[in-house]
Amino acid sequence: MIQAHKQKLTFEEYLTYEDDTDNRYELIDGELVTLPPESEPNTAIVSYLFLVLVNAGIPWRCIKLHLCEIQVPILREGDAANRYPDLVVLQPEHILLTASRLTVTGTMPPPRLVVEVVSPGRIGRERDYNSKRAQYAARGIPEYWIVDPQEQMVAVLRLESGEYVEVGVFQGEQALVSPAFPQLNLTAKQVLEGEF
């Protein structure tokens with residue numbers, strides 16, 4: 001991680017911070033931490049999901065890849081105050097609410113769905129399976145998918161009483177079950193391999 005800014009910022013100050021770059025930052029303990037570029041396999045998976053969701057009738061403007069920022073509660077030391085999920089399905093009202101900045105703040109309704117593709121390595125796994133899971137649940141996001149190429153599975157989680165419960169862990173030809181999008185006709189293999 002590269003520290004981008006030395007002065008500690010509040011979230012409100014961060015929202016107005018400009019440095020004339022296209023960098024994405026997480027705000028951790030008041031400091032800006034530059035996020036690395038996405039990998040090609042990660043990008044391929046969420047691009048495929050974008051196409052599937054659009055074909056299932058989800059308005060394309062509500063589906064955001066990598067660039068939609070969500071303000072999340074800080075639950076433990078070292079947590080980021082914001083996350084950039086790999087894929088976000090917004091509510092229709094977010095289109096106007098994010099017109100000046102693609103940030104879903106804590107005062108806005110939560111998105112319908114977030115998807116994270118697990119990056120290789122222990123830190124990425126811990127972040128997607130534990131830290132982000134807890135933060136997205138505390139933010140009230142009704143559905144969270146964890147796509148794990150290393151384990152060749154997709155976990156679909158549904159918010160229930162403030163915590164995520166497993167709808168299912170899907171592998172191979174198993175059809176995903178999504179409470180938020182029951183119209184999807186999709187297997188874990190299709191998600192992981194981009195098959196139509």
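Select strand β5, residues 69-71, together with β8: the two pair in the parallel sense over two bridges. Strands here are DSSP runs marked E of at least two residues, helices are DSSP runs marked H or I of at least four residues, and both are numbered from the N terminus. Two strands count as paired if DSSP finds at least two bridges between them. The model is a predicted one, in which local features need pLDDT of at least 70 and side-chain atom pairs count only at pLDDT 80 or more, while totals for chains, interfaces and linings use all residues. Residues are numbered from 1 along each chain as its sequence is written, and side-chain values use heavy atoms, with hydrogens and water left out.

Within this pair, select Glu 69, which stands opposite Thr 103 in β8.

**Second stop: Thr 98**

Select Thr 98, in the loop between α3 (94-97) and β8. Is Thr 98 buried or exposed? Thr 98 is buried, with a relative accessible area of 9%; buried means under 20% relative accessible area, exposed over 50%, and partly exposed in between, using a 1.4 Å probe and protein chains only. Show the contacts of Thr 98, a contact being heavy atoms within 4.5 Å. Not counting residues up to four places away in sequence, Thr 98 touches Thr 103, Val 104 and Met 108. The side chain of Thr 98 also reaches the backbone oxygen of His 94 at 2.6 Å.

Select residues 122-139, which form helix α4. The expected span of a helix is 1.5 Å times one less than its number of residues. The 18 residues of α4 should therefore span 26 Å, and the end C-alpha atoms are 24 Å apart, which agrees. Centre the view on Lys 132, where α4 has a kink of about 35 degrees; the bend at a residue is the angle between axes fitted to the seven residues ending there and the seven starting there. After α4 comes Gly 140, with a positive phi near 85 degrees.

Asp 128 has a relative accessible area of 3% and touches residues including Glu 116, Ser 119, Arg 133 and Tyr 144. Ser 131 has a relative accessible area of 6%; leaving aside neighbours within four places in sequence, Ser 131 is in contact with Arg 76, Asp 79, Arg 83 and Glu 126.

**Last stop: the nonpolar cores**

In soluble globular proteins, nonpolar side chains tend to be buried together. A nonpolar core is a set of buried Ala, Val, Leu, Ile, Met, Phe, Trp, Tyr and Cys residues joined through side-chain atoms within 4.5 Å. Select Leu 87, Trp 145 and Leu 176: of the 25 residues in the largest nonpolar core, these touch the most other members. The largest share of this core, six residues, comes from α2. Finally, select Cys 68, Ile 70, Ile 95 and Met 153, which are among the members of a second, separate core of 20 residues.

Technical notes: Polar contact = N/O pair within 3.5 Å; in protein donor to acceptor, adjacent residues only side chain to side chain.
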